[in-house]
Amino acid sequence: MLTVTAYNARQKGWAMPDNLYQWCAKSVAGILERQEYTGCTVNFKTYTKSLKFKKRMENPKENRRIFEDTQPAIIEWGQWERVQALRANKRRPTKTGKTSIFSGLVYCADCGAKLYYCTCNTYKDDSQDHFVCSKYPFSSRNPLSEIRSSCGNSRKEQLLQF
């Protein structure tokens, strides 16, 4: 799909940019966050407190009016919901710069708390990468509530099913 700049250049006869299909990550993130791209019309996203107060305030989601299927969808509804769930979880890189695809999605089987991704710099391979329960320092439960990410692909496939 052409970028907005390339599309406008083609329509108006301007010089074409070098990268016709290279979208900026911020633009893609903005598209994936907006519900309008699922084919819905979202009204009453902002409001003003009074006529004298000109600043626009964001309306809570329960006060918005959503009309579904008013236009062709660019993103399927299921994909949009999955993206919202993934973007709701912060995936901060560790001190080594690594991140896991399961960060923010894996929970402890004992207490239900999130599992933190831990790694080290001393090993070149991923043999020491693991997840640790976020309540581990504070709980009196079994301290072995962790999942090694190098236990094999079968463990990763089990995690992907969730």
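Helix α2, which covers residues 25–33, packs against helix α3, residues 77–88, at an angle of about 115°, and their axes lie 9 Å apart. The contact (heavy atoms within 4.5 Å) is built from Ala29, Leu32 and Glu33 on the α2 side, and from Trp80, Val83, Gln84 and Arg87 on the α3 side. Sorted by class, the residues in this contact of α2 with α3 are four nonpolar, one polar and two charged; here Ala, Val, Leu, Ile, Met, Phe, Trp, Tyr, Cys and Pro count as nonpolar, Asp, Glu, Lys and Arg as charged, and the others, Gly among them, as polar. The axes are lines fitted to C-alpha atoms, for helices over the stretch in contact, and the angles run from 0 to 180 degrees between N-to-C directions.

The model is a predicted one, in which local features need pLDDT of at least 70 and side-chain atom pairs count only at pLDDT 80 or more, whereas totals for chains, interfaces and linings use all residues. Residues are numbered from 1 along each chain as its sequence is written, and side-chain values use heavy atoms, with hydrogens and water left out.

Taken as a whole, the protein has four helices and seven strands, and from the N terminus on these elements follow the order α-α-β-β-β-β-α-β-β-β-α. Helices (H or I, at least four residues) and strands (E, at least two) are DSSP runs, numbered from the N terminus. Of the 162 residues in the protein, 22% are buried, where buried means under 20% relative accessible area, exposed over 50%, and partly exposed in between (1.4 Å probe, protein chains only). Among the contacts in the protein with a separation of 6 or more, 34% join residues 24 or more positions apart.

Several loop residues between the strands deserve a look in turn. Phe44 sits in the loop between β1 (41–43) and β2, and has a positive phi of about 65° although it is not a glycine. Most residues other than glycine have a negative phi. Phe44 counts as exposed because its relative accessible area is 51%. Asp69, in the loop between β4 (65–67) and α3, likewise is not a glycine and has a positive phi, of about 55°; with a relative accessible area of 68%, Asp69 is exposed.

Thr48 belongs to the loop between β2 (46–47) and β3 (57–58), and counts as partly exposed because its relative accessibility is 30%. Leaving aside residues up to four places away in sequence, Thr48 touches Phe53, Lys54, Lys55 and Arg56. Between Thr48 and Asn59, which are eleven residues apart in sequence, the C-alpha to C-alpha distance is 9.4 Å. In the loop between β3 and β4 lies Lys61, which is exposed at a relative accessible area of 67%, and whose C-alpha atom is separated by 10.0 Å from that of Val42, 19 residues apart along the chain.

The second largest pocket holds about 340 Å³ of space. A pocket is, on a 1 Å grid over the protein atoms alone, an open set of points where a 1.4 Å probe fits, with protein on both sides within 12 Å along at least five of seven lines, and lining residues have an atom within 4 Å of a point. The lining of this second largest pocket comprises 15 residues, of which Lys90, Arg92, Ser103, Tyr116 and Tyr117 lie nearest its centre, and the lining residues divide into four nonpolar, six polar and five charged.

Definitions and conventions
Points joined across faces, edges and corners; volume = space filled by probe spheres on them.
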